Amino acid sequence: MGKVLMIGAGGVATVAAFKIVQNQDVFTEFMIASRRKEKCDELVKAIHDKGYKADIKTAQVDADDVEQLKELFNSFKSELVINLALPYQDLTIMISVFMCKRLILFTYKLAHLLICRFVYLSVHILISMTTNQLLNHDSCRITRCHLIT
């Protein structure tokens, strides 16, 4: 899998972080990002205090800000984003992941409601784009196939 970026530094994220560092053969590079960088640094210290030697990067990010998320995803170049942020931040994280073409792992939370909102937003975005813009947009391969067939 390689590079993994985890958003969140709370209780569930702590458990996930320990599992990630226990599998360094799979997750070769790891970054923890949260609203407060100090929480990320505390989590890294706890991991190192338990004897794990992983090189873990940390970052501050506002998960309500699509542009900040995109900048983080593109600068770290993660292959997988693990979303362990608060449920109300799921939509902005999903939009950012979609725009940066990354894989994402969600916890269950209210996934069915989130997916409905995301599909609605995606359809709204596609409707507001002209056909020419849509056909030339890199992230619309599936839509391109539907338009051509």
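The questions below go from the whole chain to single residues.

Mentor: This is a predicted model, in which local features need a pLDDT of at least 70 and side-chain atom pairs count only at pLDDT 80 or more, whereas totals for chains, interfaces and linings use all residues. Residues are numbered from 1 along each chain as its sequence is written, and side-chain values use heavy atoms, with hydrogens and water left out.

Trainee: What average pLDDT does the protein chain have?
Mentor: pLDDT is the predictor's confidence in each residue, on a scale from 0 to 100. Over residues 122-149 it stays under 50, and the model has 16 contacts beyond four places in sequence for that stretch, where contact means heavy atoms within 4.5 Å. In the protein chain 70% of the residues score at least 70, and the average pLDDT is 77.

Trainee: In what order do the elements of the protein chain run?
Mentor: Helices (H or I, at least four residues) and strands (E, at least two) are DSSP runs, numbered from the N terminus. The secondary structure of the protein chain comes to seven helices and five strands. From the N terminus on, the order is β-α-β-α-β-α-β-α-β-α-α-α.

Trainee: Which elements do the buried residues of α1 pack against?
Mentor: The buried residues of this helix are Ala13, Ala16, Ala17, Phe18, Ile20 and Val21. One of them, Val21, is in contact with Ile56, which, leaving aside neighbours within four places in sequence, also contacts Phe30, Ile32, Val44 and Ile47. The elements that the buried residues of α1 pack against are β1, β2, α2, β3 and β4.

Trainee: Which residues form the aromatic pair, and why does it tie together parts that are 34 residues apart in sequence?
Mentor: A search of the whole structure finds one aromatic pair, the criterion being that rings of Phe, Tyr and Trp (its six-membered ring) have centres within 6.5 Å, with planes under 30 degrees apart counted as stacked, over 60 as edge-to-face and the rest as tilted. The pair is edge-to-face, at 6.0 Å centre to centre and 70° between the planes, and is formed by Phe18 and Tyr52. It ties those parts together because Phe18 lies in helix α1 (residues 11-21) and Tyr52 in the loop between α2 (37-49) and β3 (56-60). As for accessibility, Tyr52 counts as partly exposed at 26%, whereas the residue that is buried, with a relative accessible area of 18%, is Phe18.

Trainee: Which residues is Asp64 in contact with?
Mentor: Asp64 has its place in the loop between β3 and α3 (66-76), and at 40% relative accessibility it counts as partly exposed. The C-alpha atoms of Asp64 and Tyr88 are separated by 8.5 Å, although the two are 24 residues apart along the chain. Leaving aside neighbours within four places in sequence, the contacts of Asp64 are Tyr88, Gln89 and Thr92.

Trainee: Is Thr92 buried or exposed?
Mentor: Thr92 is found in helix α4 (residues 90-100), and a polar atom of its side chain lies 3.0 Å from the backbone oxygen of Gln89. Leaving aside neighbours within four places in sequence, Thr92 is in contact with Ala63, Asp64, Val66 and Leu69. With a relative accessible area of 18%, Thr92 is buried.

Trainee: What is the phi of Lys77?
Mentor: Lys77 lies in the loop between α3 and β4, and at 54% relative accessibility it counts as exposed. Most residues other than glycine have a negative phi. The phi of Lys77 is a positive value, near 55°.

Trainee: What relative accessible area does Ser78 have?
Mentor: Ser78 lies in the loop between α3 and β4. Not counting residues up to four places away in sequence, Ser78 touches Lys3, Val4, Leu5, Phe73 and Arg102. Ser78 is buried, with a relative accessible area of 3%.

Methods:
Buried < 20%, exposed > 50% of the residue type's maximum accessible area, 1.4 Å probe, protein only. Polar contact = N/O pair within 3.5 Å; in protein donor to acceptor, adjacent residues only side chain to side chain.
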